[in-house]
Every structure is written in C-alpha cells, then in structure tokens.
Amino acid sequence: MTCRRLLVCFSLILFALAGRDFYKILGVNKSASKKEIKKAYRKLAMQYHPDKNPDDEGAADKFKEISEAYETLADDEKRQTFDKHGEEGVKKMSQGGGGQNFDPFANFFGHFGFGHQEQEKQERKGSDVVVDLVVTLEELYLGNFVTIQRNRPVYKESGGTRQCNCRMEMKTHMTGPGSFQMTQHRVCDQCPGLKLVTETEDLELEIEPGMVDGMVQKFSGKGEPHMEGEPGDLYFKVKTLKHPQFHRSGDDLYTNLTISLQEALVGFEMEIKHLDGHKVPVKREKVTWFGAVIMKKGEGMPNFENRNKLGNLYITFDVKFPRGELTAEEKDSVRSILKQASVQTVYNGL
C-alpha cells in the first residue's frame with residue numbers, strides 16, 4: 001500500500017514538472033521540422049494576435065502561450081532540453097542552471113539532504129563561428145527558407161588512448177616526525193584517442209519577413225570542435241544586398257523617381273513595381289518640383305515583431321531637363337505660359 005502511494009506521489013510530481021505540452025499547443029508532432037513548427041506558429045499567431053482580437057482577453061493569453069511554445073521549439077538547445085525535461089527544465093535552463101543536468105527531484109528533495117550536490121566546473125567549449133547570411137531585400141519582404149551546406153570538422157574516435165582532463169593536484173608527503181611537505185603534480189585521465197574528420201550537413205535557415213541587418217540565427221553545437229568539451233555554436237548574421245531600386249531604413253523604404261520637365265509641369269501617372277511584384281500607383285496632377293517627396297502609406301517593409309504593421313514608401317522626385325536649344329518663339333511661348341517673374345537670389349545653401 002505504501003509503495004502504491006509512493007508511486008502515485010511520484011506520478012503527481014512528474015505531472016506537475018512536465019508543465020505544458022508545447023507541441024500540442026502548436027498542433028505539431030514531436031518529430032516536426034523547424035519549417036513545420038514555424039508554419040504552425042504563423043497560422044496560430046495570425047489567428048490569435050491581440051491586434052485582431054482587441055476585445056478578447058483569452059486571445060491575448062493564447063497568443064502569449066503560442067509565442068512561448070514557439071520560442072522553445074524554434075531553438076535547438078531549448079527544444080532538446082524540453083524533450084528531455086519538459087517546461088521546468090527549460091525554465092531552469094533560462095535561469096542559468098543549464099538544461100542537460102537538470103534533476104526534477106532535486107527541487108523536492110535537495111533541500112532535505114537527499115539530493116546530490118552539483119560540482120561547479122568551468123565548461124570547455126569550442127569556438128563560436130559567425131557567418132554572414134547575405135540576403136536580398138525581396139527575401140526580407142516576403143520571407144524565405146534556404147538550405148546551406150556546411151562542412152565542419154568534428155572529432156571521432158581513432159583507437160588507442162590519450163591523456164585528457166589534465167589538472168594540477170596537491171600531494172602531501174611526510175618528511176619526518178611531525179613534518180610534512182606539499183608538492184604539486186600534474187594528473188591526467190585516460191580518454192579514447194581522437195582524430196579530426198570533416199562532416200557535411202545541410203542546415204535549413206528561415207529568412208523571416210522584416211528581419212534587419214545584424215539579426216542572428218543560432219545553431220547550437222555546430223561551431224568549432226573542442227577535444228575535451230562541447231563544440232561551439234554557429235551563428236548566421238543577416239546582411240542585406242544593395243538593391244537597385246529601394247533603400248531601407250527601419251521599416252521604411254526610399255526610392256528616387258526621375259520625371260521629365262514636361263511631366264513635372266503638367267502632371268503624370270505611372271506605377272512602381274514593388275518587391276513582391278504588386279504595383280504602387282503614382283499620380284501627380286499639379287506641379288512637381290525637383291526634390292519633392294511624397295509618401296505611400298503602408299508600402300514599406302513588414303515589421304519583424306508585428307507582421308500586420310508595415311512601414312511607408314517615400315518617393316523623391318528628380319526632374320530631367322531637356323537638352324538642346326529653344327527658339328526665340330519657343331522662349332516667348334514658355335514665358336507667356338509660366339508668367340513667372342525673376343526670383344534670382346544668391347544665398348548660402350549649406
């Protein structure tokens with residue numbers, strides 16, 4: 001009877017520690033790929049976003065839960081910890097306790113002398129690698145999935161043994177009655193022999209709409225190897241290629257439009273092809289002067305945090321004057337049409 005009660009107690013403890021099922025929250029299988037997880041998150045985030053449900057408090061809570069689930073499952077290290085130790089393990093990892101050595105029972109029994117004491121030691125880790133992820137403005141507008149082939153060195157067992165985990169230890173020797181001497185000795189363990197080999201693997205990256213230069217995507221354990229520790233991490237840092245038509249600043253886009261002198265005076269109508277191919281109409285019925293700027297609301301870049309929010313497009317006009325000479329009669333015609341007095345002024349424009 002006592003054993004049964006203990007089993008029930010342990011089951012309740014494990015259930016409490018398990019926390020929420022992030023896979024169930026996003027509606028995906030445990031074996032889902034990053035692409036499937038992202039797709040499920042986007043669909044649910046659009047459905048429950050607070051901006052779309054301003055009067056529904058439950059939607060805000062649901063959106064928060066969805067975001068927390070995605071934040072965990074989209075990160076390789078956090079997902080691995082979640083699969084082994086559940087939500088409680090991820091929380092402990094975020095608090096700096098690490099995820100791999102998480103002991104769920106230590107929270108219950110550790111304070112009563114039944115738990116083991118964790119020995120703090122310096123973690124040995126290979127160097128991190130940072131690589132530029134060169135992307136187009138179109139990809140940052142629409143989003144994209146890309147696959148990058150990575151050739152990286154890894155350590156494999158080669159047979160035989162090697163010295164490892166070497167350290168200095170103090171030893172005490174008796175040199176006479178009541179007399180002792182302490183000396184320092186180098187002590188090493190025996191570990192399997194290792195050799196460096198090159199492995200090729202495909203890494204799937206997502207270029208999310210609205211990302212900006214400097215943002216990084218992390219691949220845990222994909223950096224440089226360490227003979228006596230874990231490999232470092234691999235970071236892809238976003239870097240935007242120069243675009244021939246648009247310049248980006250924050251969520252806004254800027255472009256220049258050259259028009260003829262005739263169009264500047266009498267007006268014109270045209271369309272600008274946007275990054276996703278849709279047409280942005282530009283119509284002017286009044287005089288357009290050189291350097292004039294107009295704004296097209298909502299025709300900029302999507303905001304990374306809120307895809308429903310778009311920046312603006314700013315269009316600066318250049319006026320191309322005709323080449324060649326006007327006849328005296330044509331000059332008189334221009335003067336009669338414009339009826340403009342001289343405004344010649346000398347000033348410091350800087």
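The entries below go from the pocket to the helices and then to the sheets.

**Ground rules.** I am working with a predicted model, where local features need pLDDT of at least 70, side-chain atom pairs count only at pLDDT 80 or more, and totals for chains, interfaces and linings use all residues. Residues are numbered from 1 along each chain as its sequence is written, and side-chain values use heavy atoms, with hydrogens and water left out.

Entry 1: I looked up the second largest pocket and found a volume of about 930 Å³. A pocket here is an open set of points on a 1 Å grid over the protein atoms alone, where a 1.4 Å probe fits, with protein on both sides within 12 Å along at least five of seven lines; lining residues have an atom within 4 Å of a point. The points are joined across faces, edges and corners, and the volume is the space filled by probe spheres set on them.

Which residues lie nearest the centre of this pocket? I noted Lys38, Tyr70, Ala74, Glu208 and Phe304, out of a lining of 31 residues. By class, I have 13 nonpolar, 5 polar and 13 charged residues in that lining. For my own reference, nonpolar covers Ala, Val, Leu, Ile, Met, Phe, Trp, Tyr, Cys and Pro, charged covers Asp, Glu, Lys and Arg, and polar covers the others, Gly among them.

Next I asked which elements supply the lining. Helices H3 (34-48) and H4 (57-73) and strands E3 (179-207) and E4 (216-219) each give at least two residues. H3 has the largest share, with 8 residues. Helices (H or I, at least four residues) and strands (E, at least two) are DSSP runs, numbered from the N terminus.

**Entry 2: H3 against H4.** The axes of these two helices come within 9 Å and cross at roughly 165°. Axes are lines fitted to C-alpha atoms, for helices over the stretch in contact, and angles run from 0 to 180 degrees between N-to-C directions. H3 and H4 are therefore roughly antiparallel to each other, the term for angles over 145 degrees.

**Entry 3: the sheet with E4.** I traced an open sheet of 3 strands in the order E1-E5-E4, with mixed pairing. Its edge strands are E1 (129-135) and E4, each pairing on one side only. Strands pair if DSSP finds at least two bridges between them. E1 and E5 are parallel over 7 bridges, while E4 and E5 (residues 234-240) are antiparallel over 4 bridges. Among the partners in E5, Phe236 bridges to Gln217 and Tyr235 to Lys218.

**Entry 4: the other sheet.** I also looked up an open sheet of 4 strands, ordered E6-E7-E11-E10, again with mixed pairing. E6 (247-249) and E10 (293-296) are the edge strands. E6 runs antiparallel to E7 (residues 252-260), joined by 3 bridges, and Arg248 has Leu253 in E7 as its bridge partner.

Key:
Parallel < 35°, antiparallel > 145°, perpendicular 65-115°, else oblique.
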